[in-house]
Structure formats: structure tokens, C-alpha cells
Amino acid sequence: MPTIITHAAVPLCLGLGLGRNIIPRRLLLAGVALAMLPDADVLSFRFGVEYGNVFGHRGFTHSLLFAFVVPLLCVLTGRRWFQAGLIRCWLFLTVSLLSHSLLDSVTTGGKGIGWLWPWSSERFFAPWQVIKVAPFALKKYLTPAGHQVIVSELLWVWLPGALLALLLWRLRRR
């Protein structure tokens, strides 16, 4: 998995690039929260749930169903709080949440992503893995392997995200 902070890159870059008139602050904050939400599944380790279980890491919280339903529930219960239209809120929140499993699918480790839950327990990776998988222990980021994770995230997530934000900002200014 990329680090939890890197999962925030997609909604942050999209939101900043599109601007507050399109993605209000509250919607941006909700997008960041949803982009990080799937990794709450690591709590399942505390309850003895194995990694490969559908309720384990990268299981149902990384599924397409989860990525489409959770934003819908958020929009139906809090659309006015987001200060944007129904479709815009749902699209932004869905892209934010879906970006999590897409980023996880291009990492160099783990057991794959449970995209098709509940229809299948099979796990998937993207055809290429370019992001170094992040360790679970914070102290491992102080090692050379931890530095490689940070560099790969900067190169494959933050740099393209910043370029996209800049492009969207320039298009908006025209």
C-alpha cells in the first residue's frame, strides 16, 4: 500500500486544481477522508482476521461496491454540508475512494485487491507495479527501504498529481 498520507494526494490534487468553486473545502476534506478510509481495515488484524480474508486488509473496503456505495451514502446523508450538487459530490467522493484501491493495485507487495467482492474473493493487481509497498511499522521508514517507498510515492503519485493540479488550475484561469 502507499502510505496513508499519499492516499490523500488524488483528492487534494484534484480539489486544488479544480478550485473551491467546484470542490468546496468541506467536500475536499470528505474526499481526503474517503481516500484514506479503506486502510481502516488494518484494524482487523487486532481481531485476528487474516490478511487474505475478505474482511482483512485490501478486502471488501477496497472493492468496487464499497467505492460506489459509501460515497452515495455520504451524499444522501450530508449533501448540504458539502455545499455542492449531488452528482458533483458523488463523483468527487467516488473518485477519491476508488483512487485508494487503484493506488494499492500498483504497489510491489501484498496479496492484491478484492475489487469484485462480494461476487468474487479473487484479488487483483494492476498489470504493472511501480510504487514500492509501504511497511506497516513507522520505524521502517527510517531505513533505506523506507526511503525507497517515499521516493517512489513522490515520483509515481505526488509529481503526476501536482502536474494535474497545475494543469487544471491553468485551464481554470483561462
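Confidence in the chain is lowest in helix α1 (residues 4-7), with a mean of 92, and highest in helix α2 (residues 9-18), at 98. Here pLDDT is the predictor's confidence in each residue, from 0 to 100, and helices are DSSP runs (H or I, at least four residues) numbered from the N terminus. This is a predicted model, in which local features need pLDDT of at least 70 and side-chain atom pairs count only at pLDDT 80 or more, while totals for chains, interfaces and linings use all residues. Residues are numbered from 1 along each chain as its sequence is written, and side-chain values use heavy atoms, with hydrogens and water left out.

Q: What is the mean pLDDT of the chain?
A: In the chain, 99% of residues reach 70 or more. The mean pLDDT is 93.

Q: Which residue forms a salt bridge with D104?
A: A salt bridge is a side-chain nitrogen of Lys or Arg within 4 Å of a carboxyl oxygen of Asp or Glu. The structure holds one such bridge, with an N to O distance of 3.5 Å. The partner of D104 is R58.

Q: How many residues apart in sequence are the parts that this pair ties together?
A: D104 lies in helix α5 (residues 86-105). R58 lies in the loop between α3 (25-36) and α4 (64-82), so the pair ties together parts whose separation in sequence is 46 residues.

Q: Is D104 buried or exposed?
A: Buried means under 20% relative accessible area, exposed over 50%, and partly exposed in between (1.4 Å probe, protein chains only). R58 is buried, and D104 is likewise buried.

Notes
Helices (H or I, at least four residues) and strands (E, at least two) are DSSP runs, numbered from the N terminus.
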